[in-house]
Amino acid sequence: MNASPQGATDPRAQIAQGPMRARQVLAIGVCVLLNALDGFDVLAISFASPGIAADWGIDRGALGIVLSMELFGMALGSFVLGPMADRIGRKPTALACLAVMATGMLGAAYVGSVYQLAALRFGTGIGIGGMLACTNAMVAEYANDKWRKAAISVMAAGYPVGAITGGAFVSAFLLEDGWRNVFIFGAVVSAALIPIVMLLVPESVGFLMQGGRSGRLAKVNRALAGLGHSAVAAVTEPELAPRAKVSTARLFAPDLRRTTILLTIAYFTHVMTFYFILKWVPKIVVDMGYAPSSAGGVLVFANIGGLLGSLLLSVLLLRIGLRPLMVAALACSTLLVINFGRGAGDLSGLSWAAASAGFFTNAGMVAFYSLIAGAYPTEARAGGTGFVIGIGRGGAALGPVLAGFLFEGGLGLQGVAVVMGLGSFIAILALLGLKGAAREI
């Protein structure tokens with residue numbers, strides 16, 4: 001490797017060690033919006049599910065498959081598009097994901113059969129999965145060292161924010177007029193975010209410092225300006241070696257193998273529990289005799305609980321270690337999901353049970369994003385995030401399907417909740433095996 005130019009600096013240190021600038025906060029804020037869109041898009045099918053079941057007369061088993069189709073797509077999107085973000089950049093990958101999401105949501109509003117809807121939800125999920133891998137890496141690379149864990153947690157909190165605000169709007173203005181309006185709303189919001197990302201989100205400086213790229217200094221300075229930092233006269237030599245390692249094989253190299261395996265198992269099992277609550281709440285409430293709009297309201301309560309859980313975890317991360325918080329959150333997630341299965345005598349009781357379960361399941365999810373972002377070096381961060389989330393999304397897809405067939409097989413709500421709640425407990429066991437293996441943010 002050639003000697004670095006005299007006076008060359010590593011601009012990543014300027015971001016990591018300097019104060020948070022307003023433009024950094026703004027870029028992270030846009031990532032929060034993108035994750036909020038993910039939250040709404042994933043749950044759009046949940047809001048629409050009672051109307052879909054009524055219109056097409058499909059049973060719970062078939063509905064469980066439809067509810068999971070975008071989760072299968074998310075697995076593929078995270079797995080394929082995460083490494084792509086490490087190769088071509090975070091920003092262009094995020095823009096491509098937005099275009100896919102807008103197209104898929106618009107198409108879902110005009111389908112004529114359950115098969116068409118399932119296919120379009122799968123396609124939409126590809127965009128959602130890729131977006132999550134991108135935003136997790138971008139926030140980790142936009143924030144300084146002091147605020148990185150909290151920034152990732154706030155970004156993850158965007159997910160329930162999107163579900164709450166979108167769900168409240170849908171329940172109040174759209175759902176009674178037909179479930180197709182839910183998808184039109186999602187398509188419009190997805191398309192509107194494309195120019196916002198183009199204007200306000202710079203490419204990651206960490207990404208630009210990986211490998212030899214033409215005009216690297218100019219691109220780095222453009223990214224620094226986009227984050228409110230001053231330009232540099234020269235940069236250190238490009239890190240050529242890591243670029244060749246951005247592959248699945250890199251994630252299973254001796255220094256990362258144990259981390260990758262245990263993180264994937266933990267995320268896979270907890271996400272089964274998480275999506276059982278998010279996907280089945282509306283249908284469960286409607287089956288109890290309540291109106292679809294009331295069911296949407298219970299789901300909003302579950303996400304309000306999730307938002308509060310993620311915000312509390314963000315604050316606690318400034319003072320308490322990540323893993324102890326995760327173990328506590330996952331243990332409570334197991335207990336509160338089982339408690340939800342006990343049911344309640346009225347809508348208020350159901351709402352509180354859903355909110356308490358959402359509080360701890362989402363706190364666990366937020367903690368995973370911080371742990372995953374810190375577990376991988378820069379050159380493999382989006383790829384590692386994509387792999388863990390992509391394979392883990394198999395649990396997201398399996399959760400609603402498994403619950404659907406357990407219901408179909410005659411198991412009551414309490415029994416199904418016990419089975420699905422155990423996912424968070426298995427995640428605790430995997431995390432205990434992770435101690436000492438993962439890097440820290």
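Me: Is Arg148 buried or exposed at 14% relative accessibility?

Reply: Arg148 counts as buried at that 14%. The cut-offs go like this: buried means under 20% relative accessible area, exposed means over 50%, and partly exposed is in between (1.4 Å probe, protein chains only). Before we go on, this is a predicted model, where local features need pLDDT of at least 70, side-chain atom pairs count only at pLDDT 80 or more, and totals for chains, interfaces and linings use all residues. Residues are numbered from 1 along each chain as its sequence is written, and side-chain values use heavy atoms, with hydrogens and water left out.

Me: Which residue does Arg148 meet in a salt bridge?

Reply: A salt bridge is a side-chain nitrogen of Lys or Arg within 4 Å of a carboxyl oxygen of Asp or Glu. Here the side chain of Arg148 meets that of Asp145, at 2.9 Å from N to O. Asp145 is partly exposed, at 44% relative accessibility.

Me: How many salt bridges does the count come to?

Reply: The count comes to 3. Another one joins Glu70 to Arg121, with the closest N and O atoms 3.9 Å apart. Glu70 sits in helix H3 (residues 60–88) and Arg121 in helix H5, so this pair ties together parts that are 51 residues apart in sequence. By the way, helices (H or I, at least four residues) and strands (E, at least two) are DSSP runs, numbered from the N terminus. Glu70 is buried at 0% relative accessibility, and Arg121 is buried with a relative accessible area of 0%.

Then there's Arg90 with Glu141, whose closest N and O atoms are 2.6 Å apart. Arg90 belongs to helix H4 (residues 90–108) and Glu141 to helix H5, so that pair also links parts 51 residues apart in sequence. Arg90 is buried at 1%, and Glu141 is buried at 9%.

Me: Where does helix H2 bend?

Reply: A bend at a residue is the angle between axes fitted to the seven residues ending there and the seven starting there. H2 bends by about 50° at Ser49, and Pro50 follows within four residues. H2 (residues 22–56) has 35 residues and reaches 50 Å from its first C-alpha to its last, close to the expected 51 Å. Just after H2, Gly57 takes a positive phi of about 60°.

Me: Which residues does Val366 touch?

Reply: Contact means heavy atoms within 4.5 Å. Leaving out residues up to four places away in sequence, Val366 touches Ser153, Ala156, Ala157, Ser310 and Leu313. Val366 is found in helix H15 (residues 347–375) and is buried, with a relative accessible area of 1%.

Me: Which helix gives the largest share of the nonpolar patch?

Reply: H17 does, with 6 residues. The patch covers about 750 Å², and Leu429 is one of its residues. Leu429 is in helix H17 and is partly exposed at 49%. Helix H12 (257–287) and helix H17 (413–434) each supply at least two residues of the patch. Patches use residues with over 30% relative accessible area and no salt bridge, joining like charges within 9 Å and nonpolar side chains (Val, Leu, Ile, Met, Phe, Trp, Tyr) within 5 Å. The areas come from the Shrake-Rupley method with a 1.4 Å probe, and for residues only the protein chains shown count as cover.

Note on methods:
Expected span 1.5 Å × (residues − 1).
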